[in-house]
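Subject: Structure handover

Hello,

Please find the structure below. My notes on it follow.

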Amino acid sequence: MKYNVFAPASIGNLSIGFDVLGMAVQPIDGTLLGDVVSIESAETNHLSIVGDFADKLPSDPQQNIVWHCLVLFHQYMQTNDLAFEPVKLTLDKKMPVGSGLGSSACSVVAALVALNTFYQAPFDEQQLLKMMGEMEAQISGSLHYDNVAPCYLGGLQLMLPQTQKVTTTLPSFNDHYYIMAYPGIEVSTKAARDVLPDSYTRAQAIEYGQTLASFVDACYRQDAQQAFSTFEDVIAEPYRKHLLPGFDEARQYLLAQGGLAVGISGSGPTLFCVCENEQTANELACWLKENYLKTSLGFVHVCEADTHGARILD
Ligand SMILES: Nc1ncnc2c1ncn2[C@@H]1O[C@H](COP(=O)(O)OP(=O)(O)O)[C@@H](O)[C@H]1O
Ligand SMILES: N[C@@H](CCOP(=O)(O)O)C(=O)O
């Protein structure tokens, strides 16, 4: 039996919830924005890497995070006295690396869901999430679930401070549009985490808490006006935006032209812009194509919330 598992792009850090708020997105035109991992039986364990961004990854497959997922998954099976046969994995790397779209999370989630499906679900949702977090931490240098959780479960996810349950689903604004503009340059997550201050002032802590609490309240009441009118990131954006050429100018333009909120997706360089209607989203997407992209690898997609998360493709 062969399974193909797709895992979607995500905005991990939805601006106002550093490391604690993430949302999965999908282009409204049906483009598969995410990675696909295929799994089938084999004589020995093997990983092939194909796809548009395969050449941006380490040339040795054993350095790929998908291989690390395979090793980790087999270790967990061994620890639980579960027998397993070798597999052939194929990663279709559709996502640009170091993009702020949760690229490594897409590979991690697709790989672990594929493995769990192939071996007939030996691990539950929480165990898989823990493995996903472990793999993401290995790549970015510190544990954060705000990409892997929405990528796996779909929708808008709030990370919880308890170890038992890692994340909970918030009601998302599913009738809104989220423009994702990837300029085609690379910003490493680890490097973008290293530029952040070690501590913040009391005023910043209060503003952060108030903004996040107001957003969560607005989600439950589906009050988009309240949710997006105070969409100010005090933790990361001020210290990261210099890594994104043209970010300030783009933000200013988009907000003046009807965008409800603009932020850095993940650690950048992707910018996201929330819009109330499709026409505004399409117009602003055209502007971003002409003004925000820096190389031919860049792209802009008008997206909506992806409420499905990782899934087996037909
Ligand atoms: N399957 C994979 N997908 C993405 N990155 C991978 C993968 N395997 C290994 N890597 C390495 O992990 C690092 C990911 O960088 P990072 O900035 O965290 O990317 P992103 O923010 O897009 O997830 C890169 O050095 C990349 O070469
Ligand atoms: N919360 C993390 C999210 C990183 O997302 P990525 O898509 O850039 O990997 C952070 O902001 O550091």
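A residue counts as near a molecule or strand if its C-beta atom, placed from the backbone, lies within 6 Å of it. Around ligand 1 there are 18 residues, and Ile65, Ser103, Ser104, Ser107 and Thr189 come nearest. Two or more residues of this shell come from each of α1 (65-79), α2 (103-118) and α3 (125-140), and α2 gives the largest share, 3 residues. Helices (H or I, at least four residues) and strands (E, at least two) are DSSP runs, numbered from the N terminus.

Some background: this is a predicted model, in which local features need pLDDT of at least 70 and side-chain atom pairs count only at pLDDT 80 or more, while totals for chains, interfaces and linings use all residues. Residues are numbered from 1 along each chain as its sequence is written, and chains are lettered from A and ligands numbered from 1 in the order in which they are written.

By type, the shell around ligand 1 has 7 nonpolar, 11 polar and no charged residues. Here Ala, Val, Leu, Ile, Met, Phe, Trp, Tyr, Cys and Pro count as nonpolar, Asp, Glu, Lys and Arg as charged, and the others, Gly among them, as polar.

The protein is divided into domain 1 (3-170 + 308-313) and domain 2 (177-304), with bounds from an automatic or database domain assignment. Ligand 1 lies between the two domains, because both give residues to its shell. The C-alpha centres of the domains lie 24 Å apart. In domain 1, 27 residues are in contact (C-beta atoms, placed from the backbone, within 7 Å) with 34 residues of domain 2. On the domain 1 side, β2 (10-12), β3 (21-27) and β7 (156-159) each give two or more residues, and β3 gives the most, with 3 residues. That side has 13 nonpolar, 14 polar and no charged residues.

Next, α3. Leu128, Leu129, Met131, Met132, Gly133, Met135, Glu136 and Ser140 of α3 are buried, that is, 20 or more other C-beta atoms, placed from the backbone, lie within 10 Å of their own. The buried residues of α3 pack against α1, α2, α4 (148-153), β8 (167-170) and α5 (189-194). Just after α3, Gly141 has a positive phi of about 95 degrees.

Regards

Definitions and conventions:
Two residues are in contact if their C-beta atoms, placed from the backbone, lie within 7 Å. A residue is buried if 20 or more other C-beta atoms lie within 10 Å of its own, exposed if 12 or fewer, and partly exposed in between; C-beta atoms are placed from the backbone.
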